[in-house]
Amino acid sequence: ALKKQQIENYNLKLKLCERAEAVQDSDSWKITTDELINLQKEWKKIGPVPRKYSDKVWKRFRAACDVFFERKSKFFKEKRQEEEENLKKKKTLIESIKSYKGSDSKDENIEALKNFQQQWHEIGHVLYKEKDKIYKQFQMAINELSSRLGISNSDLSIFNFENKIENFKKSSEGEHRLLKERAILVNKLKKLKDDIILWENNIGFFSDSKQSLAFKAEFEKKIKKAKKDQYIIQGKIHLIDKELED
């Protein structure tokens, strides 16, 4: 009975070897790690096997696990090195943005900003713990440069949208994404127009009291901002239409 049980255990462990070998070349790091850990737990629950097979079957199982975990370790080590290098590149780019002198041509300055943005996206990922910090530094450098070059938020918004369109074009569903983005913008534009009409009508009902004048000033501020946003959205829709025509 003992010998029979050991043979059954051996067959169970052979199956675990086969399952481990089936995933040892997997790149699904998290899923496969969990799977192999579970296989190791199953292995420990299985009793002894015939002594003549014991060492051989264990080495086979361990070898499959080692193949995967060594590959995983190498992958993340290389990834970390790449992310550290990307962080250095992004820091260098931020310094380039800060030292950029600018041109007398507004178009050239906007083009320079666009190139800075493009370089940023091409560099790739950095260490996760540094991601937010370095992006804030980049955004601050871009905003400071825009202000120094006399480029308005409206110009910057349009220029950022041009980059977004470029990314859409690289996608296999480029035209679909452009049409979807256009539909979103058209809805936003319609809502803005409705809000402006409503707010302008409301202003007509205010009296000349001090409190009413404060409310009126608040609505006028909202209308002014909405009209600026309306102009920007119309510009974005025009860019999409131009791209779709081409």
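Predicted model: local features only at pLDDT ≥ 70, side-chain atom pairs only at ≥ 80, totals over all residues.
Residues are numbered from 1 along each chain as its sequence is written, and side-chain values use heavy atoms, leaving out hydrogens and water.

**Exercise 1. Find out which parts the salt bridge between R71 and D27 ties together.**

Step 1: Start with the contact. The R71 and D27 side chains meet in a salt bridge at 2.5 Å, N to O (a side-chain nitrogen of Lys or Arg within 4 Å of a carboxyl oxygen of Asp or Glu).

Step 2: R71 sits in helix α3 (residues 51-99), while D27 is in the loop between α1 (2-23) and α2 (29-45), so the pair ties together parts that are 44 residues apart in sequence. Helices here are DSSP runs of H or I with at least four residues, numbered from the N terminus.

Step 3: Check the surface. R71 is partly exposed at 25% relative accessible area, and D27 is exposed at 54%. (Buried means under 20%, exposed over 50%, partly exposed in between, with a 1.4 Å probe and protein chains only.)

**Exercise 2. Work out where D229 and K225 lie.**

Step 1: D229 forms a salt bridge with K225, and their closest N and O atoms are 2.9 Å apart.

Step 2: Both lie in helix α8 (residues 210-245), four residues apart, about one turn of the helix. An α-helix has 3.6 residues a turn, so residues three or four places apart point the same way.

Step 3: D229 is partly exposed at 25%, whereas K225 is exposed at 52%.

**Exercise 3. Describe how α2 and α3 pack.**

Step 1: Find the touching residues. W29, L36 and W43 are among those in α2 that meet a set in α3 including V57, F61 and F68 (contact means heavy atoms within 4.5 Å).

Step 2: Take the geometry. The angle is about 155 degrees and the axes are 11 Å apart. Axes are lines fitted to C-alpha atoms, for helices over the stretch in contact, and angles run from 0 to 180 degrees between N-to-C directions.

Step 3: Name the arrangement. α2 and α3 are therefore roughly antiparallel (angles over 145 degrees; under 35 is roughly parallel, 65 to 115 roughly perpendicular, the rest oblique).

Conventions. Helix = DSSP H or I, 4+ residues; strand = E, 2+ residues; numbered from the N terminus.
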